[in-house]
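Me: I'd like a close look at one part of this protein, and then a short walk through its surroundings. Could you take me through it?

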Amino acid sequence: EVVSAITVPIIRNAKTEGYLILTSGCKNIFQTVDMNILEILTGYFYISLEKARYYENTIEKSERFGLTNLHNNGYRVTKLNNEMNELHTGKIEEISVIMLDIDHFKRINETYGQESGNDILIKLAELPRLFASPEDTVARYGGVEFVIVLPGCSIERARNLAEKYG
């Protein structure tokens with residue numbers, strides 16, 4: 001049972017980033033000196049939070065292709081392996097994969113230039129996001145190829161999606 005509690009904001013540059021909350025089952029356990037020590041500790045907590053955010057951002061950037069912001073092939077391989085493990089262990093009952101390939105894309109680059117080709121590629125990369133759910137993985141497979149990993153998706157539903165949007 002919580003009898004005493006103390007809350008200290010984690011502040012950086014006049015912005016509250018979070019709170020440190022300590023509780024105790026002892027009555028009147030927290031003293032003024034505890035508050036002073038906790039205020040010092042929250043500075044260290046903020047640094048730890050900042051490092052964790054930096055690490056997450058680094059991981060996120062390493063898993064995405066910069067131009068389209070889609071997951072890269074390395075991420076796709078890892079994610080597909082994880083989904084296959086879930087399939088084999090019975091956590092999901094089915095999985096489907098859709099591959100999209102843009103035909104004759106080289107002609108676009110040759111005719112209109114690389115920058116126009118990049119603009120088109122960015123727009124085309126948005127297409128799979130129209131029907132992908134948060135559980136799905138949309139990744140760039142190669143130059144102008146995309147893969148959508150659909151855990152829990154039947155082959156019939158995947159075929160319908162591919163025909164509708166592909």
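How many residues lie between E1 and E2 in their hairpin, and which residue in the turn has a positive phi?

Reply: Happy to! Please keep in mind that this is a predicted model. The hairpin formed by E1 and E2 has two residues between its strands, and Asn13 in the turn has a positive phi of about 55°.

From the hairpin, let's move on to a loop. His71 sits between helix H1 (32–62) and helix H2 (73–88). With a relative accessible area of 11%, His71 counts as buried because the cut-off is under 20%. The side chain of His71 makes a polar contact of 3.3 Å with that of Arg64. Beyond its neighbours within four places in sequence, His71 also touches other residues, including Phe65, Thr137 and Val138.

Finally, a pair of helices. The axes of H3 (residues 105–112) and H4 (residues 114–131) come within 6 Å and cross at roughly 135°, so the two helices are oblique to each other. H3 contributes Phe105, Ile108, Asn109 and Tyr112 to the contact, while H4 brings Gln114, Ser116, Gly117, Ile120 and Leu121. Sorted by type, the residues of this contact are five nonpolar and four polar, with no charged ones.

Technical notes:
Residues are numbered from 1 along each chain as its sequence is written. This is a predicted model: local features need pLDDT of at least 70, side-chain atom pairs count only at pLDDT 80 or more; totals for chains, interfaces and linings use all residues. Side-chain values use heavy atoms; hydrogens and water are left out. Helices (H or I, at least four residues) and strands (E, at least two) are DSSP runs, numbered from the N terminus. Buried means under 20% relative accessible area, exposed over 50%, partly exposed in between (1.4 Å probe, protein chains only). A polar contact is a pair of N or O atoms within 3.5 Å; within protein, one must be able to donate a hydrogen and the other to accept it, and residues adjacent in sequence count only if both atoms are side-chain atoms. Contact means heavy atoms within 4.5 Å. Axes are lines fitted to C-alpha atoms, for helices over the stretch in contact, and angles run from 0 to 180 degrees between N-to-C directions. Angles under 35 degrees count as roughly parallel, over 145 as roughly antiparallel, 65 to 115 as roughly perpendicular and the rest as oblique. Ala, Val, Leu, Ile, Met, Phe, Trp, Tyr, Cys and Pro count as nonpolar, Asp, Glu, Lys and Arg as charged, and the others, Gly among them, as polar. Two strands pair if DSSP finds at least two bridges between them.
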